[in-house]
Amino acid sequence: MAHRAGTLKLPKGRVPYEAHRARALVLAARGRAREALDELNEGWTDEWPLPAVYATDVARVRLLAGDYRDAIEALHLAVRGAEHAEPEVPAIARECVRRAPHVWRRGLELALAGGTV
């Protein structure tokens, strides 16, 4: 049975982070960044996701919402102190710079600071 993304409700109780992430991405694509970030935050627990994964998801939300500068900043948090960057980090950074060339310096700093990026 197919559902429209806007009509899906999360069940009460323990909902996997991935469900929160999916809902957040739909909200962000609709330009509702604040709600999307709240949704991500609601799913975050001490066990999962790791901070680098969460920061990458925040960057993804910011990118979808058109907030490219804050997306790059979230990526800086995602790579800071991480042993390995999330595989999506370079693609998100490139897309931010492509859509908003004025963030290229922060994008370059990210590429140089990330180690594995």
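Visitor: Which pattern does the chain follow, read along the sequence?
Guide: Keeping in mind that this is a predicted model, the chain follows the pattern α-α-α-α-α-α when it is read along the sequence. Its secondary structure comes to 6 helices and 0 strands.

Visitor: How much of the chain counts as buried?
Guide: The chain has 117 residues, and 38% of them count as buried.

Visitor: Let's go inside. Which residues touch the most other members of the largest nonpolar core?
Guide: The largest nonpolar core has 26 residues, and those touching the most other members are Leu40, Val61, Leu75 and Cys96. The elements that give two or more residues to this core are H1 (17-29), H2 (33-43), H3 (51-64), H4 (68-79) and H5 (89-99), and the largest share, 6 residues, comes from H4.

Visitor: You named Val61, so what does Val61 touch?
Guide: Leaving aside residues up to four places away in sequence, Val61 touches Ala24, Leu25 and Ala28, and also Ala33, Ala36, Leu37 and Leu40.

Visitor: Ala36 is on that list; where is its place, and is Ala36 buried or exposed?
Guide: Ala36 has its place in helix H2, and it counts as buried because its relative accessible area is 0%, where the cut-off for buried is under 20%. Not counting residues up to four places away in sequence, Ala36 touches Ala24, Leu27, Ala28 and Val61.

Visitor: What separates the C-alpha atoms of Ala36 and Arg23?
Guide: Those two C-alpha atoms are separated by 7.3 Å, while Ala36 and Arg23 are 13 residues apart along the chain.

Visitor: Switching to the outside, which residues form a nonpolar patch on the surface?
Guide: Trp104, Leu108 and Leu112 form a nonpolar patch there, and together they have about 350 Å² of accessible area.

Visitor: Where does Leu112 lie, and why does it count as exposed?
Guide: Leu112 lies in helix H6, which covers residues 104-113. Leu112 counts as exposed because its relative accessibility is 69%, and the cut-off for exposed is over 50%.

Technical notes: Residues numbered from 1 in each chain as written. Predicted model: local features only at pLDDT ≥ 70, side-chain atom pairs only at ≥ 80, totals over all residues. Heavy atoms only, no water. Helix = DSSP H or I, 4+ residues; strand = E, 2+ residues; numbered from the N terminus. Buried < 20%, exposed > 50% of the residue type's maximum accessible area, 1.4 Å probe, protein only. Core = buried A, V, L, I, M, F, W, Y, C linked by side-chain atoms within 4.5 Å. Contact = heavy atoms within 4.5 Å. Patch = residues over 30% accessible without salt bridge, like charges linked within 9 Å, V, L, I, M, F, W, Y side chains within 5 Å. Areas by Shrake-Rupley, 256 points an atom, 1.4 Å probe, with all protein chains shown as cover. Salt bridge = Lys/Arg side-chain N within 4 Å of Asp/Glu carboxyl O.
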